[in-house]
Protein chains: 2
Amino acid sequence: MKRDMKKEVFREFIAREGLKSTRQRDIILDFFLSSKRHMSVEELYRKLRARHPGIGYATVCRTLKLFAQSGIAHEIHFGDGQTRYEHLVEGEHHDHLVCTGCGAIAEFENKTIEDLQKDVADSHGFIIHSHKLELYGLCAKCRK
Amino acid sequence: MKRDMKKEVFREFIAREGLKSTRQRDIILDFFLSSKRHMSVEELYRKLRARHPGIGYATVCRTLKLFAQSGIAHEIHFGDGQTRYEHLVEGEHHDHLVCTGCGAIAEFENKTIEDLQKDVADSHGFIIHSHKLELYGLCAKCRK
DNA sequence: TCCTAATTGAAAATGATAATCAAAATACAT
DNA sequence: ATGTATTTTGATTATCATTTTCAATTAGGA
């Protein structure tokens, strides 16, 4: 399934780049893939540390960056100074609804919006490589 | 016109909050309003400093934050670790096209996209307070 | 003018990430 | 299995943009 596919993609990335497969990378990858999406580095480190006290913060940072480079994860910034990573299969994309009340994050995709973005870019002579769309507000629970 | 209106809005903000009108705030406001949009704090500080050597970095940071609070400016983050401010009249809104080649920034507005965003939010039970849409790619010059 | 509270600028603190570096681990050839 | 060159690790230190601190200054009302 998807999970093993990502592990395979990362394995290939490691091999292609001449990097090494290590105990720490395996542990972090397993933990990352079985965690909820959109975890901040700090949060992931804290939770991982409870089970694997030996792993350093620097290693977690480095390894998450590698996940992003390999294409199995994506780095996201919501403007709160925390870097978050979400696991993601290559080519997949979605945008975020962020609740400013409780911090909940919902994902969505909207083909029409993406098409309109392309139109906007065209009219300015730009070629888009990536985009970021975030909607901030209150979720159903918090708006009460 | 717009420029004086913003100065007036800020003046009212200062009064309402029980803050004081100072020489530094006046200088920074004038400089900010007559500068190009999307300046980073560092860039603004550097240019301001050339004309007014006495003003400290901390004061510039603090004052720009006040501009944002008063509603005459908006804080933006493009993910490069630099905070930028743009001057803006209350209620105005636009999104950005960012050239990853030369750093050029173009602005756009698209009512249809905004409407679709609202639809998305509705379908998730969210109420949107703000949003961020950034398109990253190459501008006409850099794509050659 | 006087007085109190806000503001300033310089320097130190913060907070998240990145770089350094000696020690440990890995991959590969033998 | 062993050696060895190379990469990786974890602890520590550095970085970088912003914030905070704090004593000195300044604003604005009494």
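In this predicted model, the contact between the two chains takes 32 residues from chain B and 32 residues from chain A. The area buried between chain B and chain A is about 2,900 Å², and carbon and sulfur atoms give 68% of that area. Within chain B, the residues that lose the most area to chain A are Phe126(B), Lys132(B) and Tyr136(B), which together account for 21% of what that side buries.

**The interface between chain A and chain B**

- The count of salt bridges between chain B and chain A is two, and one of the salt bridges in the model joins Lys132(A) to Glu134(B), with the closest N and O atoms 3.9 Å apart.
- Across the interface of chain B and chain A, twelve residue pairs are found in polar contact, with both residues of each pair at pLDDT 80 or more.
- On the side of chain B that touches chain A, the elements giving two or more residues are β4 (95–99), β5 (105–108), α5 (111–123) and β6 (127–138) of chain B, and β6(B) gives the most, with twelve residues.
- The residues on that side of chain B divide into 18 nonpolar, ten polar and four charged.
- Strand β6 of chain A, which covers residues 127–138, runs antiparallel to β6(B), and eleven bridges join the two strands.
- Within β6(B), Ser130(B) is the residue that stands opposite Tyr136(A).

**Overall make-up of chain A**

- The secondary structure of chain A comes to five helices and six strands, and from the N terminus on these elements run in the order α-α-β-α-α-β-β-β-β-α-β.
- The C-alpha trace of chain A spans about 50 × 40 × 30 Å along its principal axes.
- Chain A is divided into two domains, with domain 1 covering residues 2–87 and domain 2 covering residues 95–137.

**How the two domains of chain A meet**

- The C-alpha centres of domain 1 of chain A and domain 2 of chain A lie 25 Å apart, and six residues of domain 1 are in contact with seven residues of domain 2.
- Between them, domain 1 of chain A and domain 2 of chain A bury about 550 Å², of which 56% is on carbon and sulfur atoms.
- In domain 1 of chain A, the residues that lose the most area to domain 2 of chain A are His38(A), His77(A) and Phe78(A), and together they make up 79% of what that side buries.
- The count of salt bridges between domain 1 of chain A and domain 2 of chain A is one, and the side chains of Arg37(A) and Glu107(A) meet in a salt bridge with an N to O distance of 2.8 Å.
- Five residue pairs are found in polar contact across the interface of domain 1 of chain A and domain 2 of chain A, again with both residues at pLDDT 80 or more.
- The residues of domain 1 of chain A on the side that touches domain 2 of chain A divide into two nonpolar, two polar and two charged.

**A three-stranded sheet in chain A**

- Three strands of chain A form an open sheet with the order β1-β3-β2 and antiparallel pairing, in which the edge strands, each pairing on one side only, are β1 (39–40) and β2 (73–77) of chain A.
- Strand β3 of chain A, residues 83–87, pairs with β1(A) in the antiparallel sense over two bridges, and Tyr85(A) in β3(A) is the bridge partner of Met39(A).
- β2(A) pairs with β3(A), also in the antiparallel sense, over five bridges, and Thr83(A) in β3(A) is the bridge partner of His77(A).
- The hairpin of β2(A) and β3(A) has five residues between the strands, and Gly79(A) in this hairpin takes a positive phi near 85°.

**The surroundings of Arg25 in chain B**

- Arg25(B) lies in helix α2 of chain B, which covers residues 23–33.
- Apart from its neighbours within four places in sequence, Arg25(B) is in contact with Ile14(B), Leu19(B), Lys20(B), Thr63(B), Leu66(B) and Phe67(B).
- Arg25(B) and Phe67(B) are 42 residues apart along the chain, and their C-alpha atoms are separated by 9.7 Å.
- The side chain of Arg25(B) also reaches the backbone oxygen of Lys20(B), at a distance of 2.7 Å.

Conventions
Residues are numbered from 1 along each chain as its sequence is written. Chains are lettered from A and ligands numbered from 1 in the order in which they are written. This is a predicted model: local features need pLDDT of at least 70, side-chain atom pairs count only at pLDDT 80 or more; totals for chains, interfaces and linings use all residues. Side-chain values use heavy atoms; hydrogens and water are left out. Domain bounds come from an automatic or database domain assignment. Contact means heavy atoms within 4.5 Å. Buried area is the accessible area (1.4 Å probe) that two parts lose on being put together, summed over both. A salt bridge is a side-chain nitrogen of Lys or Arg within 4 Å of a carboxyl oxygen of Asp or Glu. A polar contact is a pair of N or O atoms within 3.5 Å; within protein, one must be able to donate a hydrogen and the other to accept it, and residues adjacent in sequence count only if both atoms are side-chain atoms. Ala, Val, Leu, Ile, Met, Phe, Trp, Tyr, Cys and Pro count as nonpolar, Asp, Glu, Lys and Arg as charged, and the others, Gly among them, as polar. Helices (H or I, at least four residues) and strands (E, at least two) are DSSP runs, numbered from the N terminus. Two strands pair if DSSP finds at least two bridges between them.
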